[in-house]
Amino acid sequence: MVKVNEIAGPLVLVQGVSGVAFDELVEVVLPTGEVRSGKVLEVSDDKALIQVFEGTEGLEIKNLTFRFKGKGLELPVSRDILGRIFSGLGRPLDGAPPVLPEKKLDVNGSPINPFARDYPDDFIQTGISTIDGLNTLSRGQKLPIFSGSGLPHSRIAAQIARQASVKNKDEKFAVVFGALGITYEESEFFIANFRKTGAIENSVLFINLASDPAIERIATPRLALTAAEYLAFDLEMHVLVIITDMTNYCESLREVSAARREVPGRRGYPGYLYTDMATLYERAGRIKGKNGSITLLPILTMPDDDKTHPIPDLTGYITEGQIILGRDLERKGIYPPIDPLPSLSRLRDKAIGSGRTREDHAGVANQLFAAYARGREVRELVVILGEAALSEVDKKYLHFADEFEDKFIRQSESENRTIETTLKLAWSLLKILPREELKRIKDEIIDKYADQG
Amino acid sequence: MIKKVAGPLVIAELTEAKKADLVFVGKQRLIGEVIELRGSSASIQVYEETAGLKVGDPVESTGAPLSVELGPGMIGAIFDGIQRPLDKLMLQAGAFIPRGLYVDPLSRTKKWPFVPLAAIGDEVKEGDILGTVQETALVSHKIMVPPGISGKIEKLDSGDFTIEETIAVVSGRPVAMLQKSPVRRRRRLGKKEPVSVPLVTGQRVVDTLFPIGKGGAACVPGPFGAGKTVIQHQFAKWSDADIIVYVGCGERGNEMTDVLKEFPELKDPKSGRPLMERTILIANTSNMPIAAREASVYTGAAIAEYFRDMGYHVALFADSTSRWAEALREMSGRLEEMPGEEGYPAYLGSRLADFYERAGGGRCQGKPERDGSLTIIGSVSPPGGDLSEPVVQNTLRVAKVFWGLDETLAHKRHFPAINWLLSYSLYADNLGRYFNEKVSENFSRLRQQALKLLAQEADLEEIVRLVGLESISPKEQLVLFVAKSLREDFLYQSAFDPVDQYSSLGKQHLILQTILDLYQLGEKALGLGVEIESIRKIGVMEKIARARFSTEAEILAIGPLLTDEFNNLRSGKNG
Ligand SMILES: Nc1ncnc2c1ncn2[C@@H]1O[C@H](COP(=O)(O)OP(=O)(O)OP(=O)(O)O)[C@@H](O)[C@H]1O
Ligand SMILES: [Mg+2]
């Protein structure tokens, strides 16, 4: 006799079952005929612990039936997923019929064999100087945007999606968009953007809004990445995946963990948060012998703008860098308010240089970092001591920092700068500093390029 | 028979199993290890994803512990945490790692040329060398008498053999080149000696300021993006060890790809041979099963000790030990053990100590007499960069070198972002004797002086921040000037510049000597009334700034120029 022992949070504990597999999909049928989907989190003797994606609201201990599906959650795929909009659990939201599947894929995927990976070193020009010049994005990279509430991460992500291009390459592109618990307006902003540029034809959207069930969000990025893997490695397309907002995802995980009464890790998030996020983020990349790639741009909001909060912290430990938005820049009215110093692209050094961008790129970038960092230090000194107390060189650094923010960081939402424009701009700014200060750039390079700016 | 499945933990009814036994779990025959026994109930950590396992599914014990295979064929290979060869896995199964697929770690068909060293009639015991196989141009693989075998050599062959074929008979027992050794068992040295020879890494801040010795244990903690992996890669590339074992433990797939792509192209500075010819990779990335991540450091250590026993200087890099500790925590949580600090099990400290204690050098077991060492360098990834957390704290108790990576430095792109005020090496004194003897008699003195200037700089900056540069004396301004040069022209080292990425000890010493000469000359000049402003403007600074890219001869030539320029300053003053 199957009976429900307990309903707690998003979890249902049933007893009296047999042959139930760990991690399998289950349908929970209510007396009204409503069907919800769930996933088996644990099996023990004749008991199974089920996480219900749509939540347990309205469920009664009695009168539930369970249909165990004998397999995990799957995504039906075919070329026809392009241009479609799905719910956070993969049900069509656009009124069109379900996709006629070419095959069905387990949404958990399998780990890419590290030996099979191809190193992501194809420079993607996003047209944004702070990214291209300083924290370069590569095809197949996972590069999150760390944002704060009210900061324009959506506009930046949309700008990247609009402008991203790879030099001298004419290949098949696709965008996969995963919305996790964001507002209707935010989601519409992206959709409208994809429509405007025509990208919608080559997009697959999975939408879980703030008003949708929270636990469903645990499945949504897996669906999005499964679609991306299919497009990238079966159809060999270059896929840009935008997932927003990972903070909501982590909160759903925390909710499940709390309901399971697991020993909580930092700030109540489960100890396996790192590993769980890694199984998502590591699905980005390139594979030897395949033309496609998955470039992953997850967006998360840092609670309290705190970079050491477990969500940004563990994300930074997994991804290949991060783009951090700064509230100070935003307050100065600078768009995009990307703070270059704590931002990082770990793949930059292999993606730039002669033959890729330009031979002076690395030196220039390193010098801009060092000089802007010094300029900011000087700016702090000025607060205490006043500008008069500065040495001549430090005054120049101060001026540099101001100009750098105004000319290099700032650009308009429709401005698509080539890498050459970005580098030219950089040289013109470096001219502010005495030549002896340019220690990060080799002499030959200064001789060759300094007049460019 | 399975009773319970909770993530990577399976509880099964298993009557005939011992602790640490390797088991096959479920119809998919997933690989697992018994980690706890209670009555007939066994707790098993499963090294593969457990989705689909059911209560009632079969569990079968192999009766043997989880082991590594040791023998020719390891160099240049890439294994997962339980030594499955990832290259062969790809050949069989494609780009994604499947479940339930077991492939022999070492080739059973490849023939290796075995050259005997011992002779028929010799009395041998464990660890004695029977013969060698030239595995790569850099590594001669010594075939040693395996544990548990001793006596007279009755037969000893020469020629091409697979690792399973008999190459010798000792006391009636056949010996092949393939040995199996339990992953968690430690191989002991004959006699451990104190650390006295540096592991030269070519990284200036490391070798000169905070050196590590062969056989030593060191850690690199730091927040994300501070440069742990880059410095570990630098060590793996340039340090003067004979064998490199690199364990990518719960980190990024692309970082392993990076090694696989670069190492075959980079040349060992000593021999000119591709670095891959001395390197073994263990890759259990963050998205691979967590239990195998726990095993990966032991797999690495077992392989490293095996080569040490041959008489090699082996360096083991583990990036990151925090991910390993998290795997421990995960299993402990599933076992419902009493959690200690931050949820880590109470035995976290002793596990970490056991691991770092495997470092050491000295006389190996067996004949002929030979010395070997194992150096262990682990990175630590503290949440939020907070060094007070348990993994860092427990590591600091056992590691003798601490290279603390600093976020502020990393944000300024000062690399390696090793904080010179916090970091330390407990080997510095011992190794100082070596440096003084082999590099230059003033090596330790220069090091002390550099550290002192850097510490003074920190204090002075504090003052300048409050009251301005004008308020400190010219002498103090000179300290700031020289310390800046130390930071920018000596400590700063780019991992991506073909010249700068490796600095010989001689070159390190010359740059440091030049900068400290500058200090001495500056002090003297100030005493003679020269203005600090004129010292700041000397032309030779440009040469010092370029020293990182210069040859030793070019750096040597800076000295006289420096003296000249100061003479001019002084005579300008007098005249
Ligand atoms: N010696 C160096 N020279 C030049 N750049 C460096 C150096 N060390 C680090 N970097 C830069 O810092 C980035 C981050 O370094 P790294 O990946 O080693 O960080 P990490 O500490 O391992 O981070 P995580 O904990 O997230 O793995 C590199 O991608 C590189 O751009
Ligand atoms: Mg790292």
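Trainee: Okay, domain bounds come from an automatic or database domain assignment. With that in mind, how is chain B divided?

Mentor: Keep in mind that this is a predicted model. Chain B is divided into domain 1 (2–65), domain 2 (71–89 + 189–426), domain 3 (109–178) and domain 4 (443–574).

Trainee: How many Å separate the centres of domain 1 and domain 2 of chain B?

Mentor: Taken over C-alpha atoms, those two centres are separated by 30 Å.

Trainee: And which residues of domain 1 lose the most area to domain 2 there?

Mentor: On the domain 1 side of chain B, look at Pro8(B), Gln45(B) and Tyr47(B), which together make up 47% of what that side buries. The contact itself joins 14 residues of domain 1 with 14 residues of domain 2. About 1100 Å² is buried between these two domains, and carbon and sulfur atoms give 67% of that area.

Trainee: What about chain A, how is that one divided?

Mentor: Chain A has domain 1 (3–68), domain 2 (74–349) and domain 3 (361–452). The centres of its domain 1 and domain 3 are 60 Å apart, again over C-alpha atoms.

Trainee: Now the two chains together. How many residues of chain A are in contact with chain B?

Mentor: On the chain A side there are 71 residues, and they are in contact with 76 residues of chain B. The buried area between the chains is about 6200 Å², with 56% of it from carbon and sulfur atoms.

Trainee: Which three residues of chain A supply more of that than any other three?

Mentor: Those would be Phe22(A), Tyr317(A) and Lys439(A), with 13% of the area that chain A buries against chain B.

Trainee: Can we zoom in on some residues? Which ones does His411(B) touch?

Mentor: Leaving out residues up to four places away in sequence, His411(B) touches Lys307(A), Leu341(A) and Pro342(A). You'll find His411(B) in helix α9 (residues 407–411) of chain B.

Trainee: And Asn254(B), is that buried or exposed?

Mentor: Asn254(B) counts as buried, because its relative accessibility is 2%. It sits in helix α4 (residues 253–262) of chain B. With its neighbours within four places set aside, Asn254(B) is in contact with chain A residues including Arg117(A), Tyr119(A), Lys142(A) and Glu320(A).

Trainee: Let's do one from chain A. Where is Gln51(A) found?

Mentor: In strand β5 (residues 47–52) of chain A. Gln51(A) is buried as well, with a relative accessible area of 3%. Beyond its neighbours up to four places away, Gln51(A) touches, among others, Pro10(A), Leu41(A), Ile215(A) and Val256(A).

Trainee: New topic: how many residues are in the largest nonpolar core?

Mentor: That core has 88 residues, and Trp403(B), Leu518(B), Ile535(B) and Phe566(B) have the most contacts inside it. Helix α13 (residues 505–527) of chain B gives the most to this core, 11 residues.

Trainee: Why does this core lie between domain 2 and domain 4 of chain B?

Mentor: Because both domain 2 (71–89 + 189–426) and domain 4 (443–574) of chain B give residues to this core. Apart from it lies another core of 77 residues, including Leu70(B), Ala77(B), Ile143(B) and Ala292(B).

Trainee: Last one: what does UniProt place at residues 435–518 of chain B?

Mentor: The unreviewed UniProt entry places the feature "domain: ATP synthase A/B type C-terminal" there. That stretch of chain B is 73% helix and 0% strand, with its end C-alpha atoms 22 Å apart. For residues 202–425 of chain B, the UniProt annotation (unreviewed entry) reads "domain: ATPase F1/V1/A1 complex alpha/beta subunit nucleotide-binding". That span is 37% helix and 19% strand, and its end C-alpha atoms lie 16 Å apart.

Methods
Residues are numbered from 1 along each chain as its sequence is written. Chains are lettered from A and ligands numbered from 1 in the order in which they are written. This is a predicted model: local features need pLDDT of at least 70, side-chain atom pairs count only at pLDDT 80 or more; totals for chains, interfaces and linings use all residues. Side-chain values use heavy atoms; hydrogens and water are left out. UniProt positions are given in the numbering used here, feature names are shortened, and annotations may be inferred rather than shown by experiment. Helices (H or I, at least four residues) and strands (E, at least two) are DSSP runs, numbered from the N terminus. A nonpolar core is a set of buried Ala, Val, Leu, Ile, Met, Phe, Trp, Tyr and Cys residues joined through side-chain atoms within 4.5 Å. Buried means under 20% relative accessible area, exposed over 50%, partly exposed in between (1.4 Å probe, protein chains only). Contact means heavy atoms within 4.5 Å. Buried area is the accessible area (1.4 Å probe) that two parts lose on being put together, summed over both.
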